[in-house]
Amino acid sequence: MFDVDVVAGMSDVEVLDLLRELEREQAVRDAVKVRALARMAELRPDRDGGGHRFAGAEVGVELRWTPGHAACQVARAARLVALFPSTVDALAAARIDLARAHALAEITETLSVEHAGELEAWILARAEGKTIEGWRQALRAKKDRVDPEGARRRREQRRRERRVGLYVAEDGMACFDVYDTGERLRAVYLMVDKVARAMRAEGASEPLDALRADALYDMVVNGGGRGVSVELQVAVPYTVLLGADVPGTLAGYGSISSAAVAELVAAEGTAWRRVVTDPAGKVLEVSARRHPGADLARHIRLRDQVCRFPGCHRQAAACELDHTVPHSRGGSTSADNLGCLCPLHHKLKDQPAWRLRQTRPGLFVWTTPGGRTHDVGQDPLVDYEIPAPRQGEGSLAPF
């Protein structure tokens, strides 16, 4: 549609408009592709119940996909067309993209058809402005609210699927993949991160990611934990203290079921900190010191959860605490002037023509060099869609 010279002569606004238009066109084409793959599943029924192997084999040969990839794509398309026609329509209208449609199909696999449809209607009504990671997080958080009785069953079903895999990579490298419960892997990550940072403090010059890999190898192969302990932070709504059976949020991971919270609390040897949130889900602290104290730093990271740049999901624990108004210009070290920015976006903030404001604690407004503004709001630590129990119902939870 555009040759090289046309694109090379575009302004920044024209480039951004072009990219948005290309994304819309891709979504429309993907909707047609999904329906075509689903049609192949109808034309080549797998009577052995093998998960669309026949259609997948034929599609794979035609498109030069691996059999596994082809069967997966056909199965996803068939599920979307059969169970989520409104999602396919939203894809055809470019309201969402294929990644979001696939995420809905994947996350609802352990829900009933009725509950999956309820989740679809809920997320489609909130589709605007969500990144793919935000879309996934919203779906996961809502899932246990749509079917709270099935949360424990789904958890046990997934837990039985835990596994470890090794995949060959280029130039003598490999990928080590672990599928396990969120709280266990979050604890593993915090442990290797803490050991890696200790190695850095002792003079190691490699990047932190490389040191984390070294720490994991040393801990698994040589038992080199170095006596490090870590703390998990669990946010729960105040209604838990009244006996409400509602999910919580594991800092650095996301929504976890009430069963997971209970198991985490009961586990021996687990260091954890409970964070009780108010109805707005906010955690605020103010300090007049130049560098935020431990409590204020912890509260800011819990409040922001991830980097406050639009679309960035770098965990707050790996971000820097930035003064929105620089301290050198009179900015205070307080909750309404601090925010989490990853190193890249911390540097970006100071580049010419970029501007960042914090209009209220936790609400950040970015202005790009092209003059466009993007709001980054504060997601509550705990979703309060479930009505709180009346005072006197139930007893105080032991945690």
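Phe309 counts as buried, because its relative accessibility is 15%, under the 20% cut-off. The model is predicted, and a search of the whole structure finds three aromatic pairs. In one of them, Phe309 and Trp354 form a tilted pair. Their centres are 6.0 Å apart, with 55° between the planes. This pair links distant parts of the chain. Phe309 sits in the loop between α13 (294–304) and β7 (320–323). Trp354 sits in the loop between α14 (343–349) and β9 (355–360). The two residues are 45 apart in the chain. Trp354 counts as partly exposed, because its relative accessibility is 22%.

Phe309 also pairs with Trp366. Here the ring centres are 4.9 Å apart and the planes stand at 80°, so the pair is edge-to-face. Trp366 is buried, with a relative accessible area of 1%. Ring pairs join Phe309, Trp354 and Trp366 into a cluster.

In soluble globular proteins, nonpolar side chains tend to be buried together. The largest nonpolar core here has 35 residues. Those with the most contacts inside it are Val34, Leu80, Leu91, Ile96, Ile123, Trp135 and Leu139. Seven helices each supply at least two residues of this core: α2 (12–43), α3 (53–63), α4 (67–83), α5 (85–92), α6 (98–107), α7 (113–124) and α8 (132–146). Helix α2 gives the most, with seven residues.

What does Ile96 touch, leaving aside its neighbours within four places in sequence? Ile96 is in contact with Ala27, Thr87, Ala90, Leu91, Ala101, Ala127 and Trp135. Of these partners, Leu91 and Trp135 are also among the core residues with the most contacts.

A second, separate core has 18 residues. Its members include Ile300, Cys319, Leu338 and Trp366.

Arg155 lies in helix α9 (residues 151–159). Is this arginine buried or exposed? Arg155 counts as buried, because its relative accessibility is 12%. Not counting residues up to four places away in sequence, Arg155 touches Thr181, Glu183, Ser257, Ala260 and Glu263.

Arg163 is placed against a ring. It lies over the face of Tyr179, at 4.4 Å from the ring centre.

Note on methods:
Residues are numbered from 1 along each chain as its sequence is written. This is a predicted model: local features need pLDDT of at least 70, side-chain atom pairs count only at pLDDT 80 or more; totals for chains, interfaces and linings use all residues. Side-chain values use heavy atoms; hydrogens and water are left out. Helices (H or I, at least four residues) and strands (E, at least two) are DSSP runs, numbered from the N terminus. Buried means under 20% relative accessible area, exposed over 50%, partly exposed in between (1.4 Å probe, protein chains only). Contact means heavy atoms within 4.5 Å. Rings of Phe, Tyr and Trp (its six-membered ring) pair if their centres lie within 6.5 Å; planes under 30 degrees apart count as stacked, over 60 as edge-to-face and the rest as tilted. A charge sits over a ring if NZ of Lys or CZ of Arg is within 6 Å of the ring centre and within 35 degrees of the ring normal. A nonpolar core is a set of buried Ala, Val, Leu, Ile, Met, Phe, Trp, Tyr and Cys residues joined through side-chain atoms within 4.5 Å.
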